[in-house]
Amino acid sequence: MSRELKTTVAIIGAGPAGLLLSQLLHQSGIASVIVERTSKQRVLERIRAGILERGTVEGMEEAGCAERLHAECIPHDGVILSFDGESFEIPVKAITGHNVIVYGQTEITKDLVEACEARGQQIFWDCPDAAISDVDSDAPKVHFTAPSGEAVTLTAEIIGGCDGFHGVSRQAIPAERRRAFERTYPFGWLGILVDQPPVAHNVIYANHEDGFALASMRSETRSRYYVQSAPGETVDDWSTERFWQAFTHRLGTLGQQVKTGEPIEKSIAPLRSYVSEPMRFGRLFLAGDSAHIVPPTGAKGLNLAFADVRRLSRAIAHWKSSGSDAALEGYSLDALARVWKIERFSWYLTTMMHQFPEHSGFEKRMQRAEFDYIRSSEAGQSTIAENYVGLPF
Ligand code: APR
Ligand code: PHB
């Protein structure tokens with residue numbers, strides 16, 4: 001059995017980028033079809049970051065999906081940096097006039113899936129074999145097997161490649177036409193969720209001689225904590241006792257107030273910086289992790305994905321309403337200009353706040369000097385603050 005479908009925008013991936021793109025296109029009266037490799041349940045169960053920039057909140061507002069976010073989010077007006085137990089807070093709201101909010105990516109995905117389903121958005125879940133063709137024509141296609149077993153050919157005017165780092169979209173750009181830039185860090189993050197009140201009212205980034213630690217939250221009663229882990233370590237290498245000992249020790253005096261407990265979730269992730277240029281080939285446009293990855297230091301992954309999607313949805317809407325493809329032509333360069341600034345900030349904070357096996361005493365002194373400079377400098381704190389709340393869109 002085979003089936004031919006047509007739409008304006010074929011979106012590969014029902015993660016935050018794909019879902020937001022579909023929703024924003026709908027707000028502009030543009031139809032889309034989403035093809036997702038895994039199940040709806042798996043997508044909704046994912047636990048990722050939870051700090052949203054102002055631009056991400058604006059994206060959810062433009063999508064008409066910000067009601068629960070505004071009702072349930074926790075505003076953060078500062079961020080705490082700690083170094084070998086000494087800490088200070090950067091008053092980001094006082095400096096920039098903007099705050100960030102705590103609202104888990106899990107909740108973002110839930111809100112977007114709910115909005116998509118409420119308007120009857122076609123999402124093909126459980127389609128692991130999507131393939132792309134004809135991207136350099138004006139009728140690009142996505143081929144996949146629907147759960148029904150039907151071989152579907154989805155013909156569109158544009159393909160939104162929102163299928164993350166391990167997707168197929170980036171590979172649909174000929175290898176000789178793309179260039180990758182990558183930095184893999186010599187450590188990972190082990191993260192836990194625990195139903196205990198957070199240790200602080202703002203996020204804590206801590207550099208300690210034993211390693212990095214981060215204290216965040218999902219609500220007033222649920223905390224999200226991370227410690228730097230060594231390359232190759234797995235979740236099984238980190239008993240609950242080992243985690244709490246490392247986490248509380250690396251936070252110094254702040255660690256003495258930590259309320260410990262049995263984690264309800266534990267996971268480990270590698271850290272990398274990655275950019276693939278260009279973010280467009282023919283009628284294929286990449287958005288989110290399909291084009292770039294940032295280390296989680298600074299919580300920029302979701303926020304950068306949403307910035308791409310807002311830019312892409314506006315460019316598509318402009319093209320469909322005016323016939324001009326100027327914004328589409330400028331998409332890759334404009335998106336990459338922001339991507340590289342966010343890559344820089346994430347790399348900078350990662351380099352400043354982690355223990356690197358290869359670092360000599362000199363680099364460790366440079367880290368300490370950076371910390372002391374920022375603690376003592378309004379200009380230094382303003383630089384971090386404007387990046388943390390989100391560069392202007
Ligand atoms: N076909 C269809 N769907 C695919 C394919 C494929 N070949 N490969 C991957 N996908 C799906 C994944 O199952 C996932 O649901 O694409 C989606 C990509 O979602 P994300 O990886 O979350 O990427 P993105 O939407 O760009 O969001 C970026 O979300 O996961 C976080 O760390 C990430 O914060 C970042 C943000
Ligand atoms: C989180 O709340 O999960 C979080 C916060 C800040 C980060 C990364 C993750 O830099």
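**View 1. Surroundings of R224.** Apart from its neighbours within four places in sequence, R224 is in contact (heavy atoms within 4.5 Å) with I47, R48, G191, I192, L193, L214, A215, S216, M217, R218, E265 and S267. The model is predicted: local features need pLDDT of at least 70, side-chain atom pairs count only at pLDDT 80 or more, and totals for chains, interfaces and linings use all residues. Residues are numbered from 1 along each chain as its sequence is written, and side-chain values use heavy atoms, with hydrogens and water left out. R224 belongs to strand β17, residues 223-229; strands (E, at least two residues) and helices (H or I, at least four) are DSSP runs numbered from the N terminus.

**View 2. Polar partners of the R224 side chain.** R224 is buried, at a relative accessible area of 3%; buried denotes under 20% (1.4 Å probe, protein chains only). The side chains of R224 and E265 form a polar contact at 2.9 Å, that is, a pair of N or O atoms within 3.5 Å, one able to donate a hydrogen and the other to accept it; residues adjacent in sequence count only if both atoms are side-chain atoms. A polar atom of the R224 side chain also lies 3.4 Å from the backbone oxygen of I192.

**View 3. Packing of helices α8 and α9.** The axes of α8 (residues 301-322) and α9 (residues 326-353) come within 10 Å and cross at roughly 165 degrees. The two helices are therefore roughly antiparallel, a term for angles over 145 degrees. Residues of α8 that meet α9 include L304, R311 and W319, and those of α9 include Y331, R338 and I342.

Technical notes. Chains are lettered from A and ligands numbered from 1 in the order in which they are written. Buried means under 20% relative accessible area, exposed over 50%, partly exposed in between (1.4 Å probe, protein chains only). Axes are lines fitted to C-alpha atoms, for helices over the stretch in contact, and angles run from 0 to 180 degrees between N-to-C directions. Angles under 35 degrees count as roughly parallel, over 145 as roughly antiparallel, 65 to 115 as roughly perpendicular and the rest as oblique.
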